[in-house]
Amino acid sequence: KKHSWNSCPFSWDEPENIGLKAAPLFAIFELLFIRSNLEQEKINTLIKGLINWAAAIQMADDITDALEDLSSGTETLVMSGFYENYKNRNDINQEIIDEFLDKDRILMFYDTTQKLFDAARKCFVECEDEILIIYN
């Protein structure tokens, strides 16, 4: 909340960091993996996959909630640069958002989320975790 009405703190260079917002969930998964007697290296790989998966899901959520997020002071990675380009925060509406989400930005969103899902899938396949492969 301390970032309200400020630019997005995340970067297109490291979009997987968005997945870290789900850290409490990963703590639960790690405990389950430990309880299942998995090796630490495998646990680390699975958590890395879950972080990438969560980042892709978060980005998809952010694009669908763009109007609500921006209106309440939250600029997400998908909408990064919006507050810089549109200074009047009282006029945020779907038409302005659609204008901001031009072809290049939509393609960047699509490519980024696909890369995140691919990275997650690679981790799950490496660990031969069928449930997480299917889940992804």
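This is a predicted model: local features need pLDDT of at least 70, side-chain atom pairs count only at pLDDT 80 or more; totals for chains, interfaces and linings use all residues.
Biologist: How many helices and strands does the chain have?

Modeller: Helices (H or I, at least four residues) and strands (E, at least two) are DSSP runs, numbered from the N terminus. From that end the elements read α-α-α-α-α-α-α. The tally is seven helices and zero strands.

Biologist: Where does aspartate 118 sit?

Modeller: Look at residues 103–126, a stretch that includes aspartate 118. That stretch is helix 6.

Biologist: Is aspartate 118 buried, partly exposed or exposed, and why?

Modeller: Buried means under 20% relative accessible area, exposed over 50%, and partly exposed in between (1.4 Å probe, protein chains only). Aspartate 118 has 40% relative accessibility, so the label is partly exposed.

Biologist: Which side chain does the side chain of aspartate 118 join in a polar contact?

Modeller: A polar contact is a pair of N or O atoms within 3.5 Å; within protein, one must be able to donate a hydrogen and the other to accept it, and residues adjacent in sequence count only if both atoms are side-chain atoms. Here the distance is 2.6 Å, and the partner is arginine 121.

Biologist: What separates the C-alpha atoms of aspartate 118 and leucine 132?

Modeller: Along the chain these residues are 14 apart. Their C-alpha atoms are separated by 13 Å.

Terms used. Residues are numbered from 1 along each chain as its sequence is written. Side-chain values use heavy atoms; hydrogens and water are left out.
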